[in-house]
Amino acid sequence: MSTPTLSIEAGFVPMTDTHLDSVTVVECQAHPHPWLRKHFEDCLASGYQAQLLMAGTELLGYFVGMKGFEEVHLLNITVAPAYQRQGWAHVMLNALALWARGQGAQWLWLEARTSNTRAIHVYKAQGFRTVGTRRGYYPAAHGQREDAVVMSLKLV
């Protein structure tokens, strides 16, 4: 007996200040060390690529990317907990890569917590390769720091 597949129509909407209450709720649900609202505000003010993945009025996830010279740096990608393990991260990564190519980027870069093996698996499945480690990059419990895995994807 197979598990039925739910069909959800989803699309991308540019993130604006009016979305930040919903975004910060999802951020806090999904991460032990979430971004603050101020982080999203700063990204929007800087003109970074920030997209919501929506199914009607339901927020499935979002990403924030920063364009540089011939590269884009993924700053945040989050799938709402209720929609995790359904392929939405792949959808968002594909959308980001498509946008980045359109901007002339040759590379996508990101950091992931070394403990976030699920995310690292998703990134590797998308073709990202591990290129280094940033020691003590992320805050961790009890004032500690956690290393980040640095990954990149060649776009051209």
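This is a predicted model: local features need pLDDT of at least 70, side-chain atom pairs count only at pLDDT 80 or more; totals for chains, interfaces and linings use all residues.
Local features were taken at pLDDT of at least 70 and side-chain atom pairs at pLDDT 80 or more, whereas totals for chains, interfaces and linings use all residues. Residues are numbered from 1 along each chain as its sequence is written, and side-chain values use heavy atoms, without hydrogens and water.

The largest pocket has a volume of about 1,000 Å³. A pocket is an open set of points on a 1 Å grid over the protein atoms alone where a 1.4 Å probe fits, with protein on both sides within 12 Å along at least five of seven lines; a volume is the space filled by probe spheres set on the points. The lining comprises 35 residues (an atom within 4 Å of a point), and H31, I77, N116, A119 and Y123 lie nearest the centre. β4 (71–79) is among the elements that supply at least two lining residues, and its share, seven residues, is the largest. Helices (H or I, at least four residues) and strands (E, at least two) are DSSP runs.

Six aromatic pairs were counted, with ring centres of Phe, Tyr and Trp (its six-membered ring) within 6.5 Å; planes under 30 degrees apart are stacked, over 60 edge-to-face and the rest tilted. The W35 and F40 rings are 4.9 Å apart at 55°, so this pair is tilted. Y137 and Y138 pair edge-to-face, at 5.0 Å between centres and 85° between planes. W35, F40 and Y62 form one aromatic cluster.
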